[in-house]
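Please look through the structure below before reading on. The notes that follow are numbered, and each one takes up a single topic.

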Amino acid sequence: MSLFDEFNLKGLTLSNCIVMAPMTRSRTSQPGNLPNALMATYYAQRASAGLIVTEATQISPDSQGYSFTPGVHTESQIGGWRGVTHAVHQAGGRIFNQLWHVGRVSHPLFQNGLAPIAPSAIAPTGTQVWIANDNGEGEMVDCPTPRAMTGEDIQRVVNDFATAAANAIKAGFDGVEVHGGNGYLIDQFLRTNSNKRTDDYGGSPVKRIRFLLEVVDAIAAKIGAHRVGVRLAPYVTFKDMACPEIVDTILLAASMLEHRGIAYIHLSEADWDDAPTIPDGFRVALRQAFSGCIIVAGRYDKTRAEWVLAKGYADLVAFGRPFISNPDLPERLRHDWPLAPLGKGPLFGGGVEGYIDYPAHG
């Protein structure tokens, strides 16, 4: 399989095997965390990707952890996203909405003064979130100790995920991606260091996986499993998420997701300079556990992307930062044109600069 071949994703035809990875950019309109015309332009510029996965999107008011990130739980937010999906579809693209709840990676400012919720009341050591004023001027602040979720909290959040997924389809998305990695709420349930529960949602790997499966099942009941992807991140340990059991737990979760007929698993690989290398043995084991579509993301270039496809370890390859400064990334990769470097406006917050002002090649 080539990076530039068409791909059939559960009946959805993708023009190539290149995915635009989800990246927080914090450009929403305020108040209300509203998707806007600026965001519609940004995503439409990048619609030559076979699939776009949006920046992580709040499923409810209490799921927020960073300023200016979008939601999909109000009618105004749904309307804002409708402008985005229309622009992407008009440009020939496909787009999934990534749904998240940040759990303990939050601050009372986003919680009406209350503590954030999490599987257990354990603060993430050394973890901060970005809080900004209305002018976009902000700072990083420490995450406080969260409140352990009750059974009622768990069921509410499961329902919030399902409602948000239905809202995303109403907004015109082709599907949704459940954010189950990178230290956020679902990932917090999966790991022994952040989940010390003694009920049906903690202890054994099967119990720690239960919350993820309930979320996926509730969403699938609303929009169909074929429209649901899941992002997992076994080798990502920032936000105080080192867990000795996580790799085996993720493989078990993948085998359980196999039987649900979901659209894909999205493997988020660590992408910093001294990040651990994903062992080939894990890639083989993941493919054995899950026969459906696998997306990989993490410092891929054209050569490495073609390698992972040729080995059969993945079906689609996601690119993050290169898509920021190269809106026409698929064509640049196809023709081996040089990639433009990052170097304009801020990654998080701001306006046009560094967002929609990177030109296409030539």
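Over the ring of which residue does the charged end of Lys 344 sit?

1. Charges over rings. The ring belongs to Tyr 358, and the charged end of Lys 344 is 5.0 Å from its centre. Please keep in mind that this is a predicted model. A second case involves Arg 304, which lies over the face of Tyr 300 at 4.0 Å from the ring centre. Arg 304 returns in point 4, where it takes part in a salt bridge.

2. Aromatic pairs. The count of aromatic pairs comes to 11. One of them is formed by Trp 100 and Tyr 184: the ring centres are 4.8 Å apart and the planes stand at 70°, so the pair is edge-to-face. Trp 100 belongs to strand S6 (residues 95-100), while Tyr 184 is in the loop between strand S11 (175-179) and helix H4 (185-190), so this pair joins parts of the chain 84 residues apart. Trp 100 counts as buried because its relative accessibility is 2%, and Tyr 184 is also buried, at 7%. Tyr 235 and Phe 282 make another edge-to-face pair, with centres 5.3 Å apart and planes at 85°. Tyr 235 lies in the loop between strand S12 (228-232) and helix H6 (246-258), and Phe 282 in helix H7 (residues 280-289), so parts 47 residues apart in sequence are tied together. Both Tyr 235 and Phe 282 are buried. Elsewhere, ring pairs link Tyr 42, Tyr 43 and Tyr 355 into a cluster.

3. Salt bridges around Asp 62. Side chains of opposite charge can pair when their charged atoms come close. The structure holds 17 salt bridges. In one of them the side chains of Asp 62 and Arg 156 meet at 2.9 Å, N to O. Asp 62 lies in the loop between strand S5 (57-58) and helix H2 (75-90), whereas Arg 156 is in helix H3 (residues 151-170), so the bridge ties together parts 94 residues apart in sequence. Asp 62 is buried, with a relative accessible area of 14%, while Arg 156 is partly exposed at 32%. A network of salt bridges links Asp 62, Arg 156 and Asp 160.

4. Further salt bridges. Lys 170 and Glu 75 meet through their side chains at 3.1 Å, N to O. This pair links helix H3, which holds Lys 170, to helix H2, which holds Glu 75, and the two residues are 95 residues apart. Lys 170 is partly exposed at 45% relative accessibility, and Glu 75 is exposed at 54%. Glu 269 and Arg 304 form another salt bridge, at 3.4 Å, N to O. Is Glu 269 buried or exposed? Glu 269 is buried, with a relative accessible area of 6%, whereas Arg 304 is partly exposed at 29%.

5. Side chains in contact with the backbone. Arg 104 is found in the loop between S6 and strand S7 (117-118). Arg 104 is buried, with a relative accessible area of 1%, and a polar atom of its side chain lies 3.2 Å from the backbone oxygen of Asp 240. Asn 16, in the loop between strand S2 (12-14) and S3, is buried at 4%. A polar atom of the Asn 16 side chain lies 2.7 Å from the backbone nitrogen of Gly 50.

6. Backbone details. Most residues other than glycine have a negative phi, and most peptide bonds are trans. Gln 30 and Pro 31 are joined by a cis peptide bond, with omega about -5°. Pro 31 is in the loop between strand S3 (18-20) and helix H1 (37-45). Lys 239 has a positive phi, near 65°; its place is in the loop between S12 and H6, and it is buried at 12%. Arg 299 also has a positive phi, near 60°, and sits in the loop between strand S14 (293-297) and helix H8 (302-310).

7. A nonpolar surface patch. Leu 342, Leu 347 and Phe 348 make a nonpolar surface patch of about 260 Å². Leu 342 is in the segment after helix H10 (329-335) and is partly exposed, with a relative accessible area of 37%.

Note on methods: Residues numbered from 1 in each chain as written. Predicted model: local features only at pLDDT ≥ 70, side-chain atom pairs only at ≥ 80, totals over all residues. Heavy atoms only, no water. Patch = residues over 30% accessible without salt bridge, like charges linked within 9 Å, V, L, I, M, F, W, Y side chains within 5 Å. Areas by Shrake-Rupley, 256 points an atom, 1.4 Å probe, with all protein chains shown as cover. Salt bridge = Lys/Arg side-chain N within 4 Å of Asp/Glu carboxyl O. Helix = DSSP H or I, 4+ residues; strand = E, 2+ residues; numbered from the N terminus. Buried < 20%, exposed > 50% of the residue type's maximum accessible area, 1.4 Å probe, protein only. Phe/Tyr/Trp six-rings, centres within 6.5 Å; stacked < 30°, edge-to-face > 60°. Lys NZ or Arg CZ within 6 Å of the ring centre and 35° of its normal. Polar contact = N/O pair within 3.5 Å; in protein donor to acceptor, adjacent residues only side chain to side chain.
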